[in-house]
Amino acid sequence: MKPQRLGILVAAMLILLVSADRVSAQAAARAPRTAAGCPLDPVKFHECALPKTKTFNPPRTPDGRPDMQGYWDRAFTSQDVEEHGADGLNIQPGPSLVVDTPDHKIPYQPWALEFRKNIVERFISPLASCFPPGVPRHVIAPAAHQILQMPGYVLHLLEYSHSYRIIPTTGEPQVGSTMKLWQGNSRGTWEGNTLVVDVTNTNGLTWLDNAGNFFSDALHVVERFTLIDHDTIHYEARIEDPHVYTRPWTMVSALIRNKEPGFEVWEQACHEGNKSVEDQLRLGMKPYSGVLRPGGN
């Protein structure tokens, strides 16, 4: 074969290989994200994961509990727990995390739905003020997550703003109803391979997300953490607030193990010297101070 013809043939083969790689990359980008073989879309993930919660035999800690220890990444951001589009800047579109209402929206009472309108234009986001995220937002909040376990306790550490939760699993009673806390009061029990966490006593000063979806200090959350394979936790939060919602509703998301070599949680002290709150105050926005339903508590 003449050198010129050979060169043309080699060039053509290289073009074909590059094109094939590009097509493969584009196909991979279009492929739905999965965890434990389940689509990450919360509704589909929930349907797929529930059978796995009953069949997967997880690794165990020395005291025989399912071993959830390690670093974890959230499947979705806490921009908006309802379905939302992109804003053209830094907000990516995302599905609704609400799995058990007909329209996959939060079932607000009429007054609460009205209060929710333009809430982010009237109030400073609690997270922008570096307050703890509250529950259930702690699980889908920004930055790295770490779970540690020891006999009688589960610790859920969040890199954002030094936030953490200490969850006793020894049957301790809830604290008195008048004690209101940013992260609420968590009490855990083990039901088979599932960590069930009962959360009460929130102060009602946090939001579910950046979109201003809210609750009152009557919030009651029951969380369920279940490994469905070695690297995936099915997270479910049953949310009830008779002051704000018409019925209880359920939020679901996947937590995916971070296996980056040498990864660790660093100090993330929110925004040291943050001036954005001052700017928002000058614009007439107010610090969020919670809600009372019409007619009082």
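Buried means under 20% relative accessible area, exposed means over 50%, and partly exposed is in between (1.4 Å probe, protein chains only). This is a predicted model, in which local features need pLDDT of at least 70, side-chain atom pairs count only at pLDDT 80 or more, and totals for chains, interfaces and linings use all residues. Residues are numbered from 1 along each chain as its sequence is written, and side-chain values use heavy atoms, with hydrogens and water left out.

Start with the salt bridges. Side chains of opposite charge can pair when their charged atoms come close. Here a salt bridge is a side-chain nitrogen of Lys or Arg within 4 Å of a carboxyl oxygen of Asp or Glu. The structure holds 9 of them.

One joins glutamate 172 and arginine 187, at 3.9 Å from N to O. Glutamate 172 lies in the loop between β7 and β8 (185–191), and arginine 187 lies in strand β8, so the pair ties together parts 15 residues apart in sequence. Strands (E, at least two residues) and helices (H or I, at least four) are DSSP runs, numbered from the N terminus. Glutamate 172 has a relative accessible area of 32%, so it is partly exposed. Arginine 187 has 15%, so it is buried.

Another salt bridge joins glutamate 223 to arginine 165. Their closest N and O atoms are 2.6 Å apart. This pair links distant parts of the chain: glutamate 223 is in strand β10 (residues 220–229), arginine 165 is in strand β7 (residues 164–168), and 58 residues separate them. Both glutamate 223 and arginine 165 are buried.

Now go to helix α6. Aspartate 279 and arginine 282 form a salt bridge there, at 2.3 Å from N to O. They are 3 residues apart in helix α6, so about one helical turn separates them. Aspartate 279 is partly exposed because its relative accessibility is 37%. Arginine 282 reaches 62%, so it counts as exposed. Elsewhere, salt bridges link Asp100, Arg238 and Arg247 in a network.

Next come the disulfides. A disulfide is a pair of cysteine sulfur atoms within 2.5 Å. The whole structure has 2. In one, the sulfur atoms of cysteine 38 and cysteine 48 are 2.0 Å apart. That pair links distant parts of the chain, 10 residues apart: cysteine 38 is in strand β2 (residues 38–39) and cysteine 48 in helix α2 (residues 42–55). The torsion about their S-S bond is about -70°, so this disulfide is left-handed. Cysteine 38 is buried, with a relative accessible area of 0%. Cysteine 48 is partly exposed, at 25%.

Cysteine 130 and cysteine 270 form a disulfide too, with sulfur atoms 2.1 Å apart. This pair also links distant parts of the chain, 140 residues apart: cysteine 130 is in the loop between β4 (123–124) and α5 (137–140), and cysteine 270 is in the loop between β12 (249–257) and α6 (276–282). The link is left-handed, with -80° about the S-S bond. Cysteine 130 is partly exposed at 23%, whereas cysteine 270 is buried at 11%. Counting bonded cysteines along the chain, the pattern is 1-2, 3-4.

Aromatic rings come next. Rings of Phe, Tyr and Trp (its six-membered ring) pair if their centres lie within 6.5 Å; planes under 30 degrees apart count as stacked, over 60 as edge-to-face and the rest as tilted. The structure has 11 aromatic pairs. Among them, tyrosine 71 and phenylalanine 263 are edge-to-face, 5.2 Å centre to centre with 75° between the planes. Tyrosine 71 lies in strand β3 (residues 70–74) and phenylalanine 263 in the loop between β12 and α6, so the pair ties together parts 192 residues apart in sequence. Phenylalanine 263 is partly exposed, at 24%.

Tryptophan 207 and tyrosine 288 have ring centres 5.3 Å apart and planes at 70°, so they too are edge-to-face. Both residues are buried. They belong to one aromatic cluster, whose members include Tyr108, Trp111 and Phe115.

End at glutamine 146, in strand β5 (residues 145–150). Its relative accessibility is 15%, so it counts as buried. Leaving aside neighbours within four places in sequence, glutamine 146 is in contact (heavy atoms within 4.5 Å) with Gly70, Tyr71, Leu155, His156, Leu157 and Val265.
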